[in-house]
Amino acid sequence: MLHQQGVEAGDVVVIYMPVIPEALIAMLACARIGATHCVVFGGFAANELATRLRDTSPKAILTASCGFEAKRVIPYKETLREAIHLAAWQGPTLVYQRKQVPAMLGVDDIDWEEAEREAPPCPPLAVPSTHPLYILHTSGTTGAPKGIVRDTGGYMTALLWSMRNIYGCGPGDVFWAASDVGWVVGHSYMTYGPLLKGCTTVLYEGKPVGTPDNASFWRVIERHRVNVLFCAPTALRAIRKADPAGLALRHPSGGQWLYQYNINSLRAVFLAGERCDSPTANWAEELLGRPVLDHWWQTEAGWSITAATPAEASAGVIPPGAAGRAMPGWDVQCVDDDGQPLQAGSSGNIVCGVPLPPGAMTTIWNAHDRYVSSYFTRFDRWYDTGDAGFIDPNGYVHVMGRTDDVINVAGHRLSTGAIEEVVAKLDKVAECAVVGMAHPIKGQVPIAFVVLRDDAQCLPADAESEAIKAVRDNLGAIATMQAAFVVDKLPKTRSGKILRRTLLQMVDGIPASIPATIEDASVVSEIERVVKARGVQGESIDADRGEHR
Ligand code: COA
Ligand code: AMP
């Protein structure tokens, strides 16, 4: 079907689809003919999709008529139409019509099922192991996302190894990564890893809560005899908040637990995507009676940089809050701001030795210089992960947060720089600063401090609503800001650098550290007053975290 649209090895194909089997089929079809796929997450607005179309100039686009969120239908085809217009892109779009809500097709649109019926069989094409399998954009510190490029052979090697040695899975096992095809987990562990190993992969187009109740995870595990679950901590936090006693899974009866769902098939739960707070991990472990293992990775890495095994969990050797130890090929170190290795237990920048192992990114699409400057320049001998934390004397790595302007909202990686760009473009705004406030379920949520131009003719409340709407419209619903505050001035150093850390401490209720270089210290107390008056206060999931931020 792709061949018939003129797609050849080396071409890029954009896939903009919900979590349905056809999304995986689309990725595998590209891999089969040597086309490089670029999957775009459905929660992004048209503008973000257009940015990715401009960056990759795809030969064809694959989409579906719609997706389903808890409370609404996501009009994939409509959003794509807008993005194509914004990017002034031309080419064929293959549309998978979902029966629930089909889309109106335009002149360049091709009905997927019809095209597939007419397409002749197509043999797989052998490609060099370094052939770019996919591009996956992720947030950097600026508004422009980074198109991480993944090779083919190294990636497959790493994934195949990880399925047995990290997740303990073999052929016939059922692996469920409760993620989205638009994220790296969706590539590595909804698609390539499990299928390569001969496992069944489970796709779930739903939420942990409210679709329709709090038992959806337990129901899916029972129905599909899931052996290993991989999810973001935020999913467990959402279930815990809605059902702290776990009554959707089991209830006490005659001194015993009576289970409403049979989860006997489940062997372990793996968590990643953001820091996991120990209370949530302990709660899940107690409820499920299975090891709940945190492991750390990034879009750039492609698979886990650090991980722990169920055997380590049974032996009780994993310290609370640790994300495991370095996996083969990853030389993980903690260094100070000058790149000097720190003693075990001291907090600093987490870096990795080069060369990076198989599976790790090979470049940034169209921007090799940015690849070098973003990752390999700050510390010349190391890959700068952008994460901070510490490594204990036994090699367990504790990842505490980012060192850059990236935030993690409900397991979704967002750039505060990208949000600031949207707000700063509003004509009444003089400048703004966005920070990720601590949130008990989502880990972090974006909030903005906005300074209006002197000639702005509007009420502060209207400007705040406009800023929130602009971010939602331009970046997407997942980036929706929790609050915006119009303030007179932003706290800055005398050299003009905005003190984002001070702002963050204020909203998180941590005593604000005010550097001696501050231009005007009175700004801090004024902002503190505004934030308090509005009753906005960050609520950390993690007692350990505050002291390391
Ligand atoms: N397509 C379109 N819109 C999406 C979307 C998608 N794939 N995913 C989320 N959105 C929308 C939601 O509908 C919501 O819109 P709304 O403001 O109109 O309600 C908005 O983006 C925010 O969504 P989300 O951050 O998911 O919040 P939520 O309250 O709907 O759900 C959680 C909260 C914690 C249950 C949910 O975020 C979750 O399950 N997170 C896990 C994420 C994950 O697995 N990440 C992968 C990392 S490995
Ligand atoms: P992404 O590229 O979207 O997978 O996001 C990667 C970022 O998420 C990392 O750089 C970390 O900041 C964070 N992250 C992922 N896994 C963990 C973890 N287990 N513990 C702490 N932070 C994590």
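Guide: "Buried" means under 20% relative accessible area and "exposed" over 50%, with "partly exposed" in between (1.4 Å probe, protein chains only). This is a predicted model, where local features need pLDDT of at least 70 and side-chain atom pairs pLDDT 80 or more, while totals for chains, interfaces and linings use all residues. Residues are numbered from 1 along each chain as written, chains are lettered from A and ligands numbered from 1 in written order, and side-chain values use heavy atoms, without hydrogens or water.

Visitor: Is R98 buried or exposed?
Guide: R98 meets E205 in a salt bridge (Lys or Arg side-chain nitrogen within 4 Å of an Asp or Glu carboxyl oxygen), at 2.8 Å from N to O. The two sit 107 residues apart. E205 is partly exposed at 27%. The relative accessible area of R98 is 9%, so R98 is buried.

Visitor: Which residue forms a salt bridge with D109?
Guide: The closest N and O atoms of this pair are 3.0 Å apart. D109 belongs to strand β7 and the partner to helix α3, 32 residues apart (DSSP runs: helices H or I, at least four residues; strands E, at least two; numbered from the N terminus). Both residues are buried, and the partner is K77.

Visitor: How many residues apart are E69 and K207?
Guide: Their side chains form a salt bridge at 3.1 Å, N to O. E69 lies in the loop between β4 and β5, K207 in the loop between β11 and α7, and the separation is 138 residues.

Visitor: How many salt bridges are there?
Guide: One network joins R237, E274 and D277 through shared partners. By the rule above, the count is 25.
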